[in-house]
Amino acid sequence: MSDLSRFPITARWPAENPGVIQLYSFPTPNGVKVSIALEELGLAYEPHLVTLSDTDVKSPAFLSLNPNNKIPAIIDPDGPEGPLGLFESGAILLYLAEKTGKLAGRNAAEKAVVTQWLMFQMGGLGPMLGQLGFFVKFAGAAIEDPRPRDRYVSEARRLLAVLEGALEGRDWIAGEYSIADIAIAPWLRALDFYGARELVGWADHPNLVAYLDRFLARPAVQKGLNIPARPA
Ligand SMILES: N[C@@H](CCC(=O)N[C@@H](CS)C(=O)NCC(=O)O)C(=O)O
C-alpha cells in the first residue's frame, strides 16, 4: 500500500486509492491535457477536482504540490525513485510518455520533434491564446484600449498559420499521434469557448479544422475532456 502522507495535498484532497496516479486538475485546456494523456496511455489514476478559485489553487495544501498555484499537478506513487510530485502540463506529459514509452516518438529524432511541438504549445500557443481569451471573453474584455486585444489576435493568427502549414499533408503535428497533439488541440478547441473563432479566421484554416475534428473523435479524448467532472 502506497503512503502519500508526506504530500500535504492529500490531507485536503484524500487519496481513496493511493496506489494509482493522483491527478489534481480542472477541465481547462491545460488540465485536460493530462486527463486525456492518462486515458490514451491506459494508466490508472484518481482525479481530484481543484477549482481555479483562490480557495483551491492558492490553498496551502495545493501550493505544497505546485507553488505556482496552477492546475494540473500529479503525484505518481510509483515514480522512478519513489513517489513523485509534478506540475507544469508539459513536464507531466513528457513524464507520462517516458514512463510508458508511448506517444513521444520511437527514436531520438522523433522524440526531438515531438518535444519541439510540445514546446511550441507551452511557450507560444498556450500563453498567447490564454491572453486572447482574457481580452476577448474574460476580465480584459472591459478594457477599452484595443491594443492588447489586437496584439493577441494577431499573435493567435500568426501561430494558427504556422500550425496550418505544418499540418499540410499530415494527420498529426509530429507525424504519429503524440503528446504534442494532446497539448495543442485542446487550445484550438478553446477558441470556440472564447467566442474568438471568427476573430482569428478559424474557418480559413481547413487543415486545423480537420485536425481538431480528428482529435475530438478519439474516445480517450472525449472521456478525458470531462475529467475531473465539473461540479453540478
Ligand atoms: N504552464 C502551466 C499553466 C497552467 C495554467 O495556466 N493553469 C490555469 C488553468 S488553465 C490555472 O490553474 N489558473 C489558476 C490561477 O492562475 O490562479 C501548465 O501548462 O501547467
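**Exercise 1. The shell around the ligand**

How do the residues of the shell around the ligand divide into nonpolar, polar and charged?

*Solution.* The structure is a predicted model, in which local features need pLDDT of at least 70 and side-chain atom pairs count only at pLDDT 80 or more, while totals for chains, interfaces and linings use all residues. Residues are numbered from 1 along each chain as its sequence is written.

Step 1. List the shell, where a residue is near a molecule if its C-beta atom, placed from the backbone, lies within 6 Å of it. Around the ligand stand Thr-28, Asn-30, Leu-52, Val-57, Asn-69, Lys-70, Ile-71, Pro-72, Glu-88, Ser-89 and Gly-90.

Step 2. Assign the classes: Ala, Val, Leu, Ile, Met, Phe, Trp, Tyr, Cys and Pro count as nonpolar, Asp, Glu, Lys and Arg as charged, and the others, Gly among them, as polar. The shell then holds four nonpolar, five polar and two charged residues.

**Exercise 2. Backbone geometry**

*Solution.* Step 1. Pro-72 sits in the loop between α4 (60–63) and β3 (73–76); helices (H or I, at least four residues) and strands (E, at least two) are DSSP runs, numbered from the N terminus.

Step 1. Asn-69, Ile-71 and Pro-72 are among the residues around the ligand.

Step 2. Another cis peptide bond runs from Ile-227 to Pro-228, with omega near -10 degrees. Pro-228 lies in the segment after α10 (219–224).

**Exercise 3. Helix packing**

Which angle and axis distance describe the packing of α8 with α9, and what are the values for α2 with α8?

*Solution.* Step 1. Helix α8 (residues 179–193) packs on helix α9 (residues 206–216) at about 110 degrees, with axes 10 Å apart. Axes are lines fitted to C-alpha atoms, for helices over the stretch in contact, and angles run from 0 to 180 degrees between N-to-C directions. The angle therefore makes α8 roughly perpendicular to α9, given that angles under 35 degrees count as roughly parallel, over 145 as roughly antiparallel, 65 to 115 as roughly perpendicular and the rest as oblique.

Step 1. The contact is made by Asp-181, Ala-185, Leu-188 and Arg-189 of α8 with Leu-208, Tyr-211, Leu-212 and Phe-215 of α9. The classes are six nonpolar, no polar and two charged.

Step 2. For α2 and α8, the axes come within 9 Å and cross at roughly 140 degrees, which means that α2 is oblique to α8. Contact residues of α2 include Val-32, Ile-36 and Ala-37, and those of α8 include Ile-182, Ala-183 and Trp-187. The contact of α2 with α8 comprises 10 nonpolar, no polar and two charged residues.

Notes
Contact = placed C-beta atoms within 7 Å.
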